[in-house]
Structures are given as structure tokens and as C-alpha cells.
Amino acid sequence: MGSNMAEAHPVGFQWVMEAKARGAKVLHIDPRFTRTSALADKHVPLRAGSDIAFLGGVINHILSNDLDFREYVRAYTNASFLVGEEFVDTEDLDGLFSGYDPETGTYDTSTWQYENGFPEDSVESERHREQSAGEQHGSGGPKLESGTGIATDQTLEHPRCVFQILKRHFSRYTPEMVERICGVSREDFLEVCRAWTSASGREHTAALVYSVGWTQHSMGAQYIRAGAIIQLLLGNIGRPGGGVLALRGHASIQGSTDIPTLYNLLPGYLPMPDARHADKRDYVESIRGTHQKGYWHNADDYIVSLLKEYWGEAATEENDYRFDYLPRIDGDHGTYRTVMDMIDGKVFGYFLLGQNPAVGSAHGRLQRLGMANLDWLVVRDLTMIESAEFWRNAPEIETGEITAEQCRTEVFFFPAASHVEKEGTFTQTQRMLQWRDRALEPRGDQRSELWFIYHLGRILRRKLATSTDERDRPLLDLAWDYRTEGDGEFPEPSADDVLRRINGVDLTTGELLDSYQQLTSDGTTAAGCWIYSGVYAGGVNHARNRTARTEQDETALEWGWAWPANRRVLYNRASADPQGRPWSERKKLVWWDAERGEWTGHDVPDFPKTTPPEFEPEYGEAGPGALAGDDPFIMQADGKAWLFAPSGVVDGPLPTHYEPHESPMPNLLYGQQGSPARKVYGREDNPSNPAPPEGGGDVFPFVFTAARLTEHHTAGGMSRQLAYLSELQPALFVEVSPQLAAERGLENLDWAHVVTSRAAVDARVLVTERMRPLRLDGRVVHQVWMPYHWGPSGKVDGDVVNDLLGVVLDPNTMIQESKVATCDIRPGRRPRGCELLEYLAEYRRRAGVTVETGTHVVTAHTTASDAAATSDTTAPGSTGSHTTAQGTTDREEDA
Amino acid sequence: MSRSLGRMSADAAQQRTAPAAASDAASDGDFRSYYGRRVLKEPVWEWLVPAYLFTGGLSAACAELAAGADLTRRPRLRKATRLGALGGLGASTYLLIADLGRPERFHHMLRVAKPSSPMSVGTWLLVAYGPGVGAAAVAEVLPSRLRRTWLGKLLGALARPAGLASAALAPGVASYTAVLLSHTAVPAWNEARDRLPFVFAGSAAAAGGGFGMVCAPVDEAEPARRLAAVGAVTELVTSRQLDERLGIVSEAYRTGKAHRLRQWSEYLTAGGALASLLAGRSRTAGVVSGLALLAGSALQRFGIFEAGVESTRDPKYVVVPQRRRVDRGEQA
Amino acid sequence: MTVSRESFYGPLDDVSGDAGYTEHPERVGFFTDTSVCIGCKACEVACKEWNLLPDDGFDLLGMSFDNTGELSANSWRHVAFIEQPAPPRESAPAREADAVDLGLPSFDLPGAGTGEETRTDFRWLMSSDVCKHCTHAGCLDVCPTGALFRTEFGTVVVQDDICNGCGYCVSGCPYGVIDRREDDGRAWKCTMCYDRLGDGLEPACAKACPTDSIQFGPLDELRERARERVATLHDRGITEARLYGEDPNDGVGGDGAFFLLLDEPEVYGLPPDPVVPTRDAGSMWARAGVAAAAFAATAVSVFFGRSRR
């Protein structure tokens, strides 16, 4: 679901085909009939943005028919845990959970806590939301004060146990409702339910695959939560052939979250310190609960080792390992916030390394206007991409909004070496590091990113060497002494040396570390990314392991290296039953070897090696030692998988169907139309199309979705410059159903233009039955799809599809809702120049679009104070949803 | 590509209009294809090749008349047709080389002799045929002062054997071009394989006869008139068979540009043949009818060529007969 | 080299031997299983990269995702995309029994309960076309220069230093594969990566294919594998699966590159029953001989009899 694996991940899709050849059934649930659908056993089309309604229907089907894998659910999930009496579900608040503050548009999660667990104190949801709290909790999940001593009901019948809460929450997600909301027929829906639930139990598993079709929504994290709940109910996590597989957007994107290019994370999913943290102790205490279970309890070891890697000798126990050198964040510094700040004149310089936001990011126009208002911009890329040339070929040149002569931004372009011209690792979708050797020397001035950053740092340090300014100390004290290869003024830094330092070193012996379990907080170890510790275990670069799959078993531990600890299936303790025996012979992966007193199996066991299955920790124990023998989810604070998330997800403890920010449909399940916690930015330069209950939505009557083609690479920087790829998809097109074509007078291969309140985009028409109108709640809704790879540069050019999208974000991840919007489509080409601006203004006038459109996030038919009253932290001054919601917008603009 | 695209409508995939049962698909005009696109490549040859078909045929017929005129002492007919044979051969040689994608490599034709390639056979046929035609023609135009040299004498002595030798090969030259076209996958040519040699031989005879009527005085041109008449009748009769007896492929001959060219060819050939019978001793009438026969022959070649091209553009000429064959379970 | 009737038409066991090789490797070929093709076009790109082919122009064709259109002098692989109604499905009878049971669910195949909103009546076929490397290759037979030749691997290759661009092969091919490059004048087509085969590598397209839709190997093995694959698909209810170009008794003596198709060949732009023109070479020459004789006889006879002079 939400994945077009065959087109976006064709190489990985070979394994789906392999599974299919061996008898697996492949179901594709996606708005579009894609090349993936063509190879699937069944394609079920649904309306873009309605996935939670569908998944909620599946959950309801499982629970109402007792189809869950009860033994697994009872033992390994938090199904039996009781939730506090203060919690109020969406069933009772018309789509809101308890703890909602309409003033800020955020949740206080304190009412979502387990009974008898020590509730988190001073949870500041506001700040959490600003700092993208979901990511902040990283791979370890959010903290709980205590992982032991939670009230449970093993019968799963207590009305406040997670299982019953789940059951009640999803009870209205009936097949009829799925049909009305998603446009999926009852028969198709039940067929999917039957197939999915039959792949459950001791003998069977099913894998769930998603991609950016799920993440790029205003409630993307909740989509994934919904999928994970199903997989947990069916016992499909931690077992071979199971899992929730996130296919990442492109090469090494997984790596760029592990060792992040994100403002709110440090390597290994350690949160970035914020302004509250006076010292390291404060910081560590904010990450972990004092008594929580699992490995996240050892966060101090990880951060100290990281600081030792950054500042080496300069970091000592006396100076708190230079924790004060780390930058602090004090709010939203995400990419979209930054771009708006650029427009508002608050940002002066910008580095773009292998990114082409003028084409590839939502609301391309906003991106270009931002980049045109800088002092300097550095672009490192393979070719002259649009983000390096916007000052002379942006669409805004034609409208007069950018003029080359007056654009103040000075653009520096640095040619980059391609992946075959440099060595290093890719970390791909399956958390696997794979080493690449250099195949060619880069030509001319092309250099690696490593080279650029290393020498930039070196030169900055040289220029500042005599500085006495305190603020230059972090830079000057850096252990910037990577090994280099070759001679001359600008030798290439050694990627191998960097990987060694990421792996980590015992500073007392100089030996490479074998595992993150060796990390300490006493300053005797240094590691650049704790979850990568072990990639260089035994002094061997395991990322370079290349034993063919034909020469090893199917777990293939000898190919590359997967974090953590070369584990291929996370939480694989769950592949054995509570007593430590494999659930079944054909699904065995990891099990307890009683004779040797340790966990063993085909994979590296993801559990304390010698903790026996029957082990019960003392009340109040903490850390890995507090894990019971049947707590497979060792990074969770309570050792269990969370069907219900008492914290860590800022927009609700359970997934709930809300309509997308822009939708032609009212929410048929609740009065609450859209996600109440989504981040909206009501600005003149970021208008929204109206959605119910606002009027004027009929001006943009069609559901719009954008995606990729196999033939091109994201924003086209790596494909539109190449003839062999350009010729395969030479022009921007828009796909419409024959019915919509007839309705709007569109002819195959003729020009048409797609309009939103932000932009109008020209494209050639492809009329295809792959696009099929959906019947929703008695009306027909058409979907329109466009690939987004084109821009004004390159061998083949075209309008920028991302200009059509506005900026509205998932509050957990700060990821934009770019997979669904509303639009209009008309035959013929769009107006050009100033006429285009007038054309769009006329559209907005007809639809009644103002700065406020879409910013009234609360539409539940309960007063906001009802919701707030259920929590202990009633927001003062919340008088009504509409007026208070405006406060959200104001705050955003003030920020 | 744009040409085939022109036919495509919005829901272009013609396969969607296909009937469910494959057996229904083989009736004419109701067949399945890939977006209506051609299955075969169009011949890359342009006007040069049909022009060669004409000049080659003309040369061969002239060589025959020249030999006959030589033996029956018709010097003016002999001279005209010997020169005609050489002219036709020269034009043919030029056309054949000019049509190559790499004309400078024309001699690669002489690397091998391949019986499976009619073009190779034809090349060697022309190589054998050419010297005789050349020697006979040169002897004809040798200035009188050179005739007395030993070379002149030699040429004079060789002229007749050379002419006879070329005449012996001329029937091959006149008819092999039919195999050249038929020995392809081009439906209109391949399906016409049993009839095309007669069309081409007739057309060549008509052209050669016409040439003789134009260039030779009336009192020597009787064989030319006869040859023209027999050739024209043969061409007319067998050409009509192409229109009617080739199944769906006949449509390629009956329609479009091929049809227009061949219709004019028919008018001119029939008219020319009729006029040659009625012309009597009028030189003017002979010249007019000879020109008509020449033009008719040329248009016939261009028409047949065009039918072949058209039969590759439209997939029905490939799909329909083959589909029918498959559905009937016939061996190819 | 012996020229027999089998050299021109009909089954031919040892195609390289027939071409004069006394010792030679096994005949190799492609088996393109279109039932697992995902239409990624990696084959097209890998082919062009390896063989350094020019691009074919930047034209949007509006034919589903096919912007290549057909095989050409510059495109030696071509992925066809066909959007069409799916054939009606009976519930698959034997599949559960035969499929390897991995514990994954079985359920009814698409087809039941088709309403307006469902898409079970629809499918999208993809197929990567290539030169067929025929047992009896029309292009090779008619080539007058010897530029086209049969390799020791049983494939058919153009020597670009010999070809003089006569264009005869273009019309000689019953599949419409080989073509003359406009600005170059010579004929080009798939070589089955002759230069890679010599080094023991598989062709670039097969190497790049992520789902093994394009399989390369000894032709006999591929034929065996293909027949098994068809049987498997038939067992699973995909009764429309059929092989194309696999039969040594067909009009070209069987293809060196053959296919598993899910519809009639013409739907993919392939001729349903191609025949090598050489099959009729004998009769064509015979007819030409008769015509030539008649021509000669006429030419002689016109000089006899009373002249009207």
C-alpha cells in the first residue's frame, strides 16, 4: 500500500516476483493502477488519502471476527495494558482525543498514559510538535518513566485495556464505511481482509510494504501506525516473511536518517538538544525514563561516545564532554519553515548537496522565491540543475517575479563526483550498509561530498585559527583529523577512515569496537553513530562483505552489514513463542537453546543473549536487565509492541481517519474533518484549496496525486540530462480516465493544464483506463495523476508539477502532504506571463480562497473545551474551535 | 513515427477493440495490432530502386532487340538498342550505387557470391551482362578513324559475340528483379512471387519495344513493335492478377498511390500497345506509342514498388493472412 | 558449408554447423518471459549503454508508457505496453496443490464481482521485444555483402565494417527488426552482445533485467524451462500463456530469442506466423526462369515471320 514498488524499486521488486513464483499472493492497494498492479495478483484502487479508513476497516474486521493471533498479541504487544481513566477516545469527542488544545492545535499526551505507569511529567507537546517529536524519540521509541509495574488484564476484557480500546475505536470502520470513504467495493475489501488474515498464525506470515505514498500525508505516521497495528494483531512482526517494510525514497536515504541531515536529530536517532537542556544530564534524562526497559536506557553511553568522536581530546568529563558545543533548537527549523524564513528575509545562506528543491520539493514556487532572496547559495550537483539556474530559467522569470539582473542571490556551483567516482557506503532501505569502491576517477573539478565538507571545515578552521571568540571554539576544537589519500593541497579524505570512526574506537587501546554494547559514558570510547557500531567489528569492513547468496543461507548475513549488529529481522525474538520455541518449523528464525543457555538461530538474535524466556525482572529494574524473557521489543520502554501509543506520536495514540488537508469529501466518520494536529501555514504565498466544511471546493473538484516513473530520478537531475533516460519518458503528462477526458474535453496527446490555488501546470494528456473514477458515497470522484520529474533545465523539459502543491505537514515528521490535493483540469495550455497570475487569482476568487482557507483545523462538533476538559491541562481561553484555530496560524506566522 | 500516430485516437490501443475469440479476428479489417503500428519496417529504398527496375528491364530488352537486329541486319535498330542497352545499364548501375547507405562501399557486393541473396545473384548477373553490352555499344559509336586501329578492329569483331552474350543473359536481367522484390517479407511483393516475374518480363519487353519504336526508323522497327505488343499484353494481363488474386494483399495494389500509378501505367501501356498496332507506317505515331509504353512500364515499376511500401505500413497486410493461417491450423 | 534445403527452411539442429563451424559452442538465446516483465526498460538502457547506440529522439507517443515505439537501428530492445481488458478467469483449479505452499494466503483470482469501480477486468501487459536471431534468418539470407553472418553461438550479427547499406535485410526480415540508421547509412540490430559472449558474459539486457523476464542461456535449456513455465502458469489458471518463436517447425525454423506471451503475438506488434522469404526461393527462381525463357523466346520470335517494312 502506498508503494509503487515495481516502478520505484524495480531491483527490490525481483524478490516480490520470486515470492510470487513460489506461490505468494501479491495484493496492491493503491489509488493508481501502476506497473506494480500489473504484476500483482489483485489491484484494489482506493481514493488517495483514504488509507486509514481502509486499514481501520481491516483492523475492525480482525477484531470483530476474532482473527488476531491471540497468543502473540497477548504476549508481545501492549494489548493487555490498561490505559488511565482520563483517556477519552475519538468515539466520544467527534474525532478528537482527550488532551487536545485548540489554542495551539496540539495534544497534551498525559491523558494517554498507562495506568500505574508513572506519567511523564512536564510533557510540552507544543515544543514536541515543533521539534518533530516522533523522530526525536528515534529508533528507541518514546520514553516511559517505568517499563515495569503497568496494570494489565490478561483476559483482554477490561474496558480500559488497549485491546478493548482498539476494538471500540475502530468499531465504526465497517465495510460499508470503507466503500463510502475509499471507493473500494465490499467484495474487494473483504477479499483483501480474507487474504491478509489468512497469512497469520504460527505457520503463516505476510509482509506489508509501504513507501512515500504513505509518508507524504498530513498524517503519514498514523498510516504507518495503522499498518503496524494490523501486522501486530496478525503476529507478523519480528518473524520471517513478515514485517512492515518501508521502502525509502532513493539511494542511501536510510543512511541520511541514520546519520541525519535533519535538524532535529543527531546520529543514531539521538535527539538534537534543545534550549531547555542546560547540560548533558538534563538532556539524557529527557530521552529516557529512569526506570524504563531496554537499550535506549543507555543513551548516556551513546551521546558521550558521539561527543568524544566530535571533539576528541577536547571533550572531557570535566567539561561535560563539550555538550555545550552542540547547537540547540528552539522550534521548527525544518526545510519548509526555513524556506519561508528565506522569503521573510531571515536566512542568508543555503547549501544544497544533491538536492533540487526548485523541482523536487512541494510548492516549488515557494522554494524558488526563497532561494532568490539569499545572499549566497551553494549548489553541489552532477549537472546544472534548476536550483542552480532558477535565477535565469525559473517560471517566475516569465511572470516577472524573478529577474536575473535583480536577483540578489549569488549562486556558487560545485560539480559533484557521482557514486561511481567515490568510495563509501550506501545504507539502503533494509538498514544495510553496502560498501562501494571507486570505479573511476572523477573528472575535472568534480569531487566527493566528503572532500568538499572536509576541506571546507579545514579552511574555515585555518581562517579562524587565531580567533579568540568563544563561539568559534566548537569548530576549532573539532577532531578534524581524518586520514587523507593522495598528495597536493586538496587530497581526498579516506572514506574508510570515516567509517572506522563511525564504528567507534576504544580510546584506551585504539582498537575498533565490535558492538554498541561496548560503548561507555566515561569517555573511554568514541563512536560517530552508535547504531553503526560493529560494522568494523574485528577490524573488518563488514559493509564490504560480498558473499553471494548462492553461497550462504537465505538470511544472507554475509552480504553487507545491517544495523544494529548485522541483524536482518528486527525484534526477531518474536519469531519464537513466549517459551522460546519457534512458532513453527517452517517459520523458525531465532530460538532459545536451553542447553547452551542462549538465544540462537539463523539471524543474529535481537535480544539479550542469555536472558531466558521465563525471566521476570524485579519491579523498578531499568535498562536491558529489566527486559522480561518475553519482551521482544527491546528498544521500547516497556518491551512490548504498541498497538496503542501512550506517547511519542503527537497526533493521537491511535490512527484515526481524517480527510486530507484538501479533499472533495467531508469526513464521513467524524465531525473532525482533517487531522487536528497537522501543521498548516496560512500565508499569502501558501494558499490552500477549500475542503468541507468550507465552501468553494467544487472549483477544484478532482483528487490530485503525484508520483514517480521508473524512467526518471526524482527531480530529474540524474535523468533529464541523459538521453537514454529522457527518451523513455520525454515529456510531462497527466493521466486521466476516459470518463474524465470526456467530461473535460481532453484528447490523448493534446495539451491540458492542471490548476490549484498555487499554480497551473501544462502537460500532455494520456487517457488511460488505468485511471478509474471512484464511486464514493453516491457520487463519482475522478483522480488525476502526474509524474513530477520535469523542470526547465535538461534535455527534456516541462512545467514543475510540485508547484501545484501547498505546504501542510505531518506534525510528527514535518513531512509534507504531497500525495494528495485537489485540482481542476482544463484542455489547452495555461496562460503565460502576467496572465497566469491573473488566471490563478481568478481561480482563488471563485473558490473563495483566502489566507485563512484550510487553517481552521478543528471542525469536530464538540466544543474544544469539552476535549480539553478531559485533560488536566485545560487550555485557557479556548472558546470555540474556529476562533482559536486561527491562533495556530498566527503563531506560525509569528514564529 | 508521426505518420502512424496520426491514426491513433484517444484510446488508441487497437487491441482493446479486439473481439474476444481469436478466431473472429482474422476477417479482413477486423484484426488486432499494437496501436495500429506497422509490424514490418518499410523498405528503405526510395525512387532509385523502382527506377532501376525500369532501366534494368529496358536495358535487357534492348540487348535482345540489338542482338536480333544485328543478326537480321537492321543496323539502325541495332545501333539504337545497343546504345539503349548500355544507357539502361549505366543508369541502373548509377541507381543501384546511389541507393546504398554507404555508396563508397558498393564493391563489397563483390566480396561474396550468395545464391540465397537475389541481390548477390543480380550483382553477378549484371557483372556478367555488362561487358557484352558495353563492348557492343562502344563498337557502335567508335569514330571511324579508330575503327582502323587494331583495337577498333578487335571491337568490331567482338561486337556481335558480345551482343549475343549479353542477349543470352538479358532474360535473367529482365526477370531476376522480380525475385529481388519477392524474396522479402514485404507482403505485396512476397505474395506476388508467382506472378511478378511475368509482370516484370512483360514490362521490360514493352519498354524495350517502345524504345525501339522511338529510336529506330519505322522500316526497321517491326520487331520492336511486336516485342512491345507481346510485352504489353503480358504485363496487362498479369498485372491485373495482382489486383485480384493475392487475397487481402491485392488491396495494397488496388488502393492509394500504388493504384493510381498502376492505373496510369495500364492506360499508357494499353494505349501504347494499341497505337503501335494501328500506327502503321507513321513515325510520329510510333514515337508517341513508344513513349507511352516506356512511361507505362516505368509507372508499373513505381506502382508495384509503392504497393510493397504500403503493405508494410499497414499491419493488416501482415496480421490478417498470418492470423488466418494460424487459426486454420495451416503450416506456414 | 553445405547448402541443402534445410539450410533455408525447416528445423535445423546445428545452426552454427550448418553455417560452416566445425567446432563451436552451444547455440544460445533469449527466453523473454513477459509474465514477469515489470516494464522498467532497464533492458533498453543497458543495451544502449553497452552498445553505444544513439538516442531515438524525444517523442511522447501517447501509447501507454511506450515512447520507444518499435525496434529500430537505434533501439535494439523495445518494451511494449498494452492496456486491455483481462481475459475472463475460471477459478484456478489446481493451483493450491501445485504451488509451493509458503503459507501465504490463497484466495479467488480477480474476476468475481466486477462492478464499475473494480478493476479486475483490466490488465497491463509488458513485453521486451528484441531481434529473434532466427534459425533461418531472412536478413542474413538476403545480405549480398556477407556483412550479416551467423556466429559460432548461432546468433546473427551485422559487421559494421562490411555493411554497405543496401537495405535488403530491412525488407528481408519477417519481424521488422533490422533497420538502416538514417545518418549512418548502415543496417543495425541486436548482436546478442556478441562482444560480451566472447568473454563469457551474458548480454547487457539480460544482465540488467531485475525480474529475470529476460533469460539468457543455451537455447535447449531455455526451451525446456519455458515449457515448464507455461505448464505452471496453465496450472495457475493463466490459460492464455503461450510460447512464441519456440517451435523449430515454424516459418523461420524457430527463434534464437523466443517469448512467453499472454495474448496473441499481433497484440504485441509481432507477426502471428512469420515465414522466412527464403522458403520460396526455389519456386521464385523457377518462376523467374520460366518468365526469362518466355522473354527470350519472344525476343527471338519477333524477328521471324514477315515483316511489315
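User: Where in chain C does Cys139(C) lie?

Analyst: Helices are DSSP runs of H or I with at least four residues, strands are runs of E with at least two, and both are numbered from the N terminus. Cys139(C) sits in helix α4 of chain C. This is a predicted model: local features need pLDDT of at least 70, side-chain atom pairs count only at pLDDT 80 or more, and totals for chains, interfaces and linings use all residues. Residues are numbered from 1 along each chain as its sequence is written, while chains are lettered from A and ligands numbered from 1 in the order in which they are written.

User: Is Cys139(C) buried or exposed?

Analyst: Count C-beta atoms, placed from the backbone: 20 or more others within 10 Å means buried, 12 or fewer means exposed, and in between is partly exposed. Cys139(C) has 26 other C-beta atoms within 10 Å, so it is buried.

User: Which residues is Cys139(C) in contact with, leaving aside neighbours within four places in sequence?

Analyst: A contact means that two C-beta atoms, placed from the backbone, lie within 7 Å. For Cys139(C) the partners are Leu148(C), Val156(C), Cys169(C), Gly172(C), Cys173(C) and Ile178(C).

User: Which residues of chain C does the UniProt annotation "binding site" cover?

Analyst: Read such records with care: positions are given in the numbering used here, feature names are shortened, and annotations may be inferred rather than shown by experiment. The unreviewed UniProt entry puts "binding site" on Cys131(C), Cys134(C), Cys139(C) and Cys173(C). They span 43 residues in sequence, yet no two of their C-alpha atoms are more than 10.9 Å apart, so they gather at one spot.

User: Where does Cys131(C) lie?

Analyst: Cys131(C) is in the loop between β4 (122-130) and α4 of chain C. Cys131(C) counts as buried because it has 25 C-beta neighbours inside 10 Å. Not counting residues up to four places away in sequence, Cys131(C) touches Trp76(C), Val177(C), Lys189(C), Cys190(C) and Ala257(C).

User: How many residues of chain C are in contact with chain B?

Analyst: 67 residues of chain C contact 72 residues of chain B. On the chain C side, α9(C) gives the largest share, 13 residues. That side divides into 34 nonpolar, 18 polar and 15 charged residues. Here Ala, Val, Leu, Ile, Met, Phe, Trp, Tyr, Cys and Pro count as nonpolar, Asp, Glu, Lys and Arg as charged, and the others, Gly among them, as polar.

User: How do I read helix α12 of chain B?

Analyst: Compare its reach with the expected span, 1.5 Å times one less than its number of residues. α12 (residues 283-313) of chain B has 31 residues and reaches 45 Å from first C-alpha to last, close to the 45 Å expected. α12(B) is mostly covered, with 24 of its 31 residues buried.

User: What is the mean pLDDT of chain A?

Analyst: pLDDT is the predictor's confidence in each residue, from 0 to 100. The mean for chain A is 91, and 93% of its residues reach 70 or more. Residues 117-129 of chain A stay under 50, with 27 contacts beyond four places in sequence in the model. Residues 132-140 of chain A are also below 50. Where pLDDT is low, predicted coordinates should not be read in detail.

User: How many helices and strands are in chain A?

Analyst: Chain A has 28 helices and 30 strands. Of its 895 residues, 59% count as buried.
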